[in-house]
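Please consider the structure shown below, together with its sequence.

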Amino acid sequence: MVTSTAAAHKTPQQQTRVLIVGNYCHDVLMQKDTVKAESLGGAASFISNVVNGMSVSCNLVSKVGEDFKYSVDYTPIVIPSSKTTVFHAYFDLGINGNGHQDRVLKRVSACDPIRPSDLPDARSNFGMAVGVGGEILPETLERMIETCDAVFVDIQALIRVFDSADGTVKLVKLEETEFYSLLPRIEVLKASSEEAVFMDIEEVRKWCCVVVTTGKDGCKVYWKDGELGISPFSANQKDPTGAGDSFLGGLVAGLVQGLAVPDAALLGNLFGSLTVEQIGLPKFDSRFLQRVKDEVKRRKMQFLHCERSDNELEFLKPDGHEQFHASLGAAKLIPPFSIQARPWTPSNSPKETEQTPIAHYTAQAKLLVNSVYEEPIQTVEGKP
């Protein structure tokens, strides 16, 4: 049953491991003023997909309008007086004769922001602020900090602004936002390499851990006393949409299950690499997921003497880190079960097609590029 008010949405809960906060979206791909595809969007959809796959309990708070048209695992709060957040991604091919795919991203409509009163009363071990359309308010993030043992934030939730005339997405310096003063109270700030230029990493790392995803090069972790690079996994990239979100989901899933930050970041890189290999919100093969969960459990068992509290991060690479990387890479090579690919259709129940061997997941239609796409977008100054 769909919930129509925040009050009805809130039910008595026990403490959950992960709280994900961010609105679902409708994403529309446009080329030459023609709609090419439509899809469920929002970082929360990718993150919850990974967290669920790793059997980590979570709660998700999201707002949509009555026009929301997708089936999701976590029921959103429906706002009758508002429309679902919609993004249009405009593409032109072959700009300047170089075949580059340039994009202009516009927020066409925006659902209500998520307010502190929308959040569950129960505490969570990990909170994830992952808004894409300006729905995370400073007071909401502050409430998450108060009710979660550790809070992880995607920088796009903090630095995106939207042109008042046409909704074009732009980025501002982190220090210019109302969120800046809250940085010493969060645990991890995640950014793509393109977004990272909008903050002073050397300053921010004094207050919280900063994780920068670098695509095919993996990621880099910065903290007050050091930094390190985390190896990538090879991938045949088809679409980078949602890779950063899947990374963040894998990172938190690893930390929840007791891994040190470098090992958890490997798990994030693994899920990010799988996401770019297909066009579609990934549904990971059950044998692959079981193998990964077994490897994570085995990895934690090696360090029972290093038991830590959930909000106490370990940044140094543990012994055997490279072997853990190799074990996860081997899990990625497990042949999948026979799978059916489901192409996008306008209905909520896509027609099934002939079986297609797609490693580790079934393809589920989504936009080629959506509100969490990790390519440079226009800044306030108009610079890439």
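A residue is called buried when its relative accessible area is under 20%, exposed when it is over 50%, and partly exposed in between (1.4 Å probe, protein chains only). Helices (H or I, at least four residues) and strands (E, at least two) are DSSP runs, numbered from the N terminus. The model is predicted: local features need pLDDT of at least 70, side-chain atom pairs count only at pLDDT 80 or more, and totals for chains, interfaces and linings use all residues. Residues are numbered from 1 along each chain as its sequence is written, and side-chain values use heavy atoms, with hydrogens and water left out.

The chain contains nine helices and 18 strands, and 57% of its 384 residues count as buried. Helix α2 (residues 43–53) illustrates such cover, since 10 of its 11 residues are buried; among them are Phe46, Ile47, Val50 and Val51. After α2 comes Ser55, which has a positive phi near 60°.

The interior can be described through its nonpolar cores, that is, sets of buried Ala, Val, Leu, Ile, Met, Phe, Trp, Tyr and Cys residues joined through side-chain atoms within 4.5 Å. The largest core has 67 residues, of which Val18, Ile20, Val221, Phe288 and Val292 touch the most other members. Helix α7 (residues 261–276) gives the most to this core, namely eight residues. Contact means heavy atoms within 4.5 Å. Beyond its neighbours within four places in sequence, Val292 is in contact with Met54, Leu267, Leu270, Leu328 and Ala331. Another core, of 38 residues, lies apart from the largest one and includes Val61, Ala196, Val212 and Tyr222.

Which residues does His321 touch, not counting those up to four places away in sequence? They are Pro262, Asp263, Leu266 and Arg299. His321 is found in helix α9 (residues 321–332) and is buried, with a relative accessible area of 3%.

Side chains of opposite charge can pair when their charged atoms come close. A salt bridge here is a side-chain nitrogen of Lys or Arg within 4 Å of a carboxyl oxygen of Asp or Glu, and the whole structure holds 18 of them. In one of these, Arg298 meets Glu295 at 2.9 Å, N to O. The two residues are three apart in helix α8 (residues 286–301), so about one helical turn separates them. Arg298 is partly exposed at 45% relative accessibility, whereas Glu295 is buried at 9%. Elsewhere, salt bridges with shared partners join Glu202, Arg205, Lys220 and Glu227 into one network. Within it, Arg205 and Glu202 meet at 2.9 Å, N to O.
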